Amino acid sequence: MLEKYPRAKKIVDDLNYHEYLADTKWIQMTPEEAAINLAKLILVNESLISSSIPLKRMAQKQVDNDYNEIGNSLHVFAKEEGRSQVGLTNEDVTKLFAHIELGGSRYSQQSLH
């Protein structure tokens with residue numbers, strides 16, 4: 001079942017989670033919500049590379065909202081797979097979003113010591 005998702009497969013194997021896979025809800029949103037969120041992410045990405053400064057600023061704020069909103073809708077194994085596919089570790093993501101209180105305060109406090 002997870003052959004296309006090597007990082008998630010490794011976690012499932014390491015944790016011997018196989019018997020729970022059928023009951024695991026990977027995404028906490030409807031297919032319609034997932035499609036809308038994907039479309040929003042595409043628009044935000046296009047805005048981030050735009051030459052319009054106001055559009056870039058709005059997109060940067062939207063990235064933070066999407067990080068929280070969409071991130072909270074994903075199972076931890078799915079998040080880990082996504083990070084792996086783009087070549088990021090959990091620490092990398094925490095650094096990218098260090099300005100967000102929940103993830104950022106944890107990283108900022110570590111970097112102060």
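These legends walk you through several views of a predicted protein model.

View 1. Welcome to the overall fold: the protein has 6 helices and 0 strands, giving the pattern α-α-α-α-α-α along the sequence. Of its 113 residues, 26% count as buried. The accessible surface comes to about 8,300 Å², and carbon and sulfur atoms account for 57% of that area. Among contacts between residues at least 6 apart in sequence, 51% join residues at least 24 apart.

View 2. The whole structure holds 4 aromatic pairs, and one of them is formed by Y17 and F77, with 5.1 Å centre to centre and 75° between the planes. Y17 sits in the loop between α1 (6–15) and α2 (31–48), while F77 belongs to helix α4 (residues 76–85), so this pair links parts of the chain 60 residues apart. F77 counts as buried because its relative accessibility, 8%, is under 20%.

**View 3. Y67 and F97 form a stacked pair.** Here the ring centres are 3.9 Å apart, with 10° between the planes. Y67 comes from helix α3 (residues 53–71), and F97 from the loop between α5 (90–96) and α6 (101–112), 30 residues apart. Are the two partners buried or exposed? Y67 is partly exposed at 29% relative accessibility, whereas F97 is buried at 13%.

**View 4. Four aromatic residues gather in one cluster.** Look again at Y17 and F77: together with Y20 and W26, these residues form one aromatic cluster.

Conventions: Residues numbered from 1 in each chain as written. Predicted model: local features only at pLDDT ≥ 70, side-chain atom pairs only at ≥ 80, totals over all residues. Heavy atoms only, no water. Helix = DSSP H or I, 4+ residues; strand = E, 2+ residues; numbered from the N terminus. Buried < 20%, exposed > 50% of the residue type's maximum accessible area, 1.4 Å probe, protein only. Contact = heavy atoms within 4.5 Å. Areas by Shrake-Rupley, 256 points an atom, 1.4 Å probe, with all protein chains shown as cover. Phe/Tyr/Trp six-rings, centres within 6.5 Å; stacked < 30°, edge-to-face > 60°.
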